[in-house]
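This report concerns the fold of one chain and its contact with a partner chain. The sequence and structure are shown first.

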Amino acid sequence: MADAHKLEILRGLIKFKSNVTKIWGVLILLTIVTGVEVALGIYKPENLLAPFLGMKLLNWIFIILTLVKAYYITWDFMHMRDETKWLRRFVVWTAVFLICYLLFILLQEGGYVESVYATEYVKRDF
Amino acid sequence: MDTTAVSTGTEGKTWGGGNQPMKASYGKMMMWFFIVSDALTFSGFLAAYGFSRFKYIDSWPIADEVFTHVPFLHGQELPMIYVAFMTFILIMSSVTMVLAVDAGHHMKKNKVIIYLFLTIIGGLIFVGSQAWEWATFIKGDYGAIQTKGGNILQFIDTDGHRVALGDFVVAESKDRSQHMETNGIWFLEEGSLPSYTLEEVVSGLESHPNVLVRTQNIIEGEKEILSRVESLRQIKENGVSVVEGANLKVNEYGSPLFADFFFFITGFHGFHVFSGVIFNLIIFFNVIIGTYERRKSYEMVEKVGLYWHFVDLVWVFVFTFFYLV
């Protein structure tokens, strides 16, 4: 198994010589992504605060960067890259499908309840 | 890798555990099953947080104003810095864990010991940081007034800086002392009393014309600030209690739900980190006494490693949804 590591990340853009150098490479990548998130979180650039698909554009950037980090943690730290195709699929497809379903239901409902408070004759403050 | 099961004489046969679906050993496969189900548990919590947040989208606390503290740097507003440090510690301990797994593949016992030790230290630093984060959040910093409807009114000066209750309220001598089990009916007690009473806050507000009230409502990305007349009216007519810090019932930063979710989700995650540290300690001692050396396989390090990385993975999402978004 030790010799079976796939050593490419970013679709072969960066190829590491050994598994250990790959780990350090992924650490650098994750640190850069976290650094970008923190910098954006502190400075909150004005032009990224525009609304986009129900949220601020900045929030979408945060979520995408988080998914990027999640991908590298699972693929390289948890060795998903070295597992068989179907192990990857059963883990990722199951989780992604159920999580999307859950998120859709709960966020949709939350937005609806908010709209009832905001526009209908239901008050919560007395 | 070799299976670690006890010999039963049926090894190698399909129904004797010899078959490895998807080329993953039994233990590894079960760890993946557990991780998928645990991931769904955490998604349930985070989605519930999202639900409440969407429900109170116009009055949710702004995380940047809540988590501003860094240890040893008193009185400075530094949002994100400490939590970024915590994230880095956890990613770093994930890295040492992969390095331990890698050293295990090469059967290098001493390297596994060193890397596992570093992983445990990283985990302990993280849990400690989380405890500090909780303590700071529970203690609070400015104090606020809760209204009849359960809303929070905070104080701000005319320059737009937050004002702590202690800056404008004078505490007078109190007749009322905290009721303890020891004095009076033994089965009754109450939580610690706030430093100021509502009347003291009202008179403090009256005598400081530069202090205004800030509500929970978010208007164009900023919390709403009331006029001087309106501030006094709100406090006098609707104020019911003084709130300092946060717990499961009240939260000086805004909706109590925010505190509830914070305690529950970071607490559940912290519990995972803590149990991860325990698992790491167990295999750490197993490595030292040579268990895996005799087994000729360090697969157990890999399985616990999977769990440890999963904890890191969850934190990445908690970090985003509690501190960034």
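The model is predicted, and local features need pLDDT of at least 70, side-chain atom pairs count only at pLDDT 80 or more, and totals for chains, interfaces and linings use all residues. Residues are numbered from 1 along each chain as its sequence is written, while chains are lettered from A and ligands numbered from 1 in the order in which they are written.

**Chain B overall**

Chain B contains 10 helices and 5 strands; helices (H or I, at least four residues) and strands (E, at least two) are DSSP runs, numbered from the N terminus. Further values for chain B are tabulated here.

| Property of chain B | Value |
|---|---|
| Radius of gyration | 26 Å |
| Span of the C-alpha trace along the principal axes | about 85 × 50 × 35 Å |

A compact globule of 325 residues would have a radius of gyration near 20 Å, by the rule of 2.2 Å times the number of residues to the power 0.38, with the radius taken over C-alpha atoms. Of the 325 residues in chain B, 39% are buried, that is, have 20 or more other C-beta atoms within 10 Å of their own, the C-beta atoms being placed from the backbone. Among contacts in chain B with a separation of 6 or more, 68% join residues 24 or more positions apart; a contact requires C-beta atoms, placed from the backbone, within 7 Å.

**Cores**

A nonpolar core is a set of buried Ala, Val, Leu, Ile, Met, Phe, Trp, Tyr and Cys residues joined through C-beta atoms within 7 Å. The largest has 74 residues, and B:Ala100, B:Val112, B:Leu116 and B:Val301 have the most contacts inside it. Helix H10 (residues 299-324) of chain B provides the largest share of this core, 16 residues. A second, separate core has 18 residues, including B:Leu165 and B:Tyr196. Beyond its neighbours within four places in sequence, B:Leu116 contacts B:Ala100, B:Asn280, B:Ile283, B:Phe284 and B:Val287.

**B:Gly239**

B:Gly239 lies in strand S5 (residues 239-243) of chain B. B:Gly239 counts as buried because 20 other C-beta atoms lie within 10 Å. Apart from neighbours within four places in sequence, B:Gly239 contacts B:Ile145, B:Thr147, B:Leu153 and B:Leu198.

**Contact between the chains**

Chain A and chain B each bring 43 residues to the contact. On the side of chain A that touches chain B, H3(A) gives the most, with 16 residues.

Methods:
A residue is buried if 20 or more other C-beta atoms lie within 10 Å of its own, exposed if 12 or fewer, and partly exposed in between; C-beta atoms are placed from the backbone. Two residues are in contact if their C-beta atoms, placed from the backbone, lie within 7 Å.
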